[in-house]
Amino acid sequence: MTAGLNCSVDIIRLMYGDDDEVGGSYPTGTVLHHSITARIDEEPTNTMFLQQGLETKKIFSGMLWGHNLVFREQDEVEVVSPPNHEYFGKRFRVLSKNSSSNHPAQKRNVFIVKLERSQIAHGEPYQ
């Protein structure tokens, strides 16, 4: 793993298929990229906004390292390695992404992303 990067992630695009037995549509995912080296850090929250109820979601910043990564906002990022990572098996939704100014074919390209924890209806309880 590259110095400073602390985990591997999968990038998943959610697709909504047919309705399920309770009348809603259950999302299924397609893995776009597998085992991308990354770093995910929690952004500090403003306690004044939390107390007023204006800020309720945790926001994370991330850095994804790799070339030819094609993903967009609302795709999901799941931590797949190492197993002892704080967010192992957890999913995050991409809010925004910024790519580096390097040539797309260079293997040192990085993407800076803003993430939020995601929760799927009818899925596992919020972790």
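Me: How many bridges join β4 to β5?
Reply: Three, and β4 and β5 run antiparallel. Strands count as paired if DSSP finds at least two bridges between them. This is a predicted model, where local features need pLDDT of at least 70, side-chain atom pairs count only at pLDDT 80 or more, and totals for chains, interfaces and linings use all residues. Residues are numbered from 1 along each chain as its sequence is written, and side-chain values use heavy atoms, leaving out hydrogens and water.

Me: OK, and what's the bridge partner of E76 in β5?
Reply: R93.

Me: How do β5 and β6 pair?
Reply: In the antiparallel sense, over seven bridges. For instance, F92 has R117 in β6 as its bridge partner.

Me: New topic: which residues have the most contacts inside the largest nonpolar core?
Reply: V9, I40, L64, F71, V79, F92 and L115, in a core of 18 residues. β1 (7-19), β2 (25-42), β3 (59-65), β4 (76-81), β5 (91-99) and β6 (110-117) each give two or more residues to this core. A nonpolar core here means buried Ala, Val, Leu, Ile, Met, Phe, Trp, Tyr and Cys residues joined through side-chain atoms within 4.5 Å, with buried meaning under 20% relative accessible area (1.4 Å probe, protein chains only).

Me: What is F71 in contact with?
Reply: Leaving aside neighbours within four places in sequence, F71 is in contact with I11, R13, L64, V94, K97, F111 and V113. Contact means heavy atoms within 4.5 Å.

Key: Buried < 20%, exposed > 50% of the residue type's maximum accessible area, 1.4 Å probe, protein only. Helix = DSSP H or I, 4+ residues; strand = E, 2+ residues; numbered from the N terminus.
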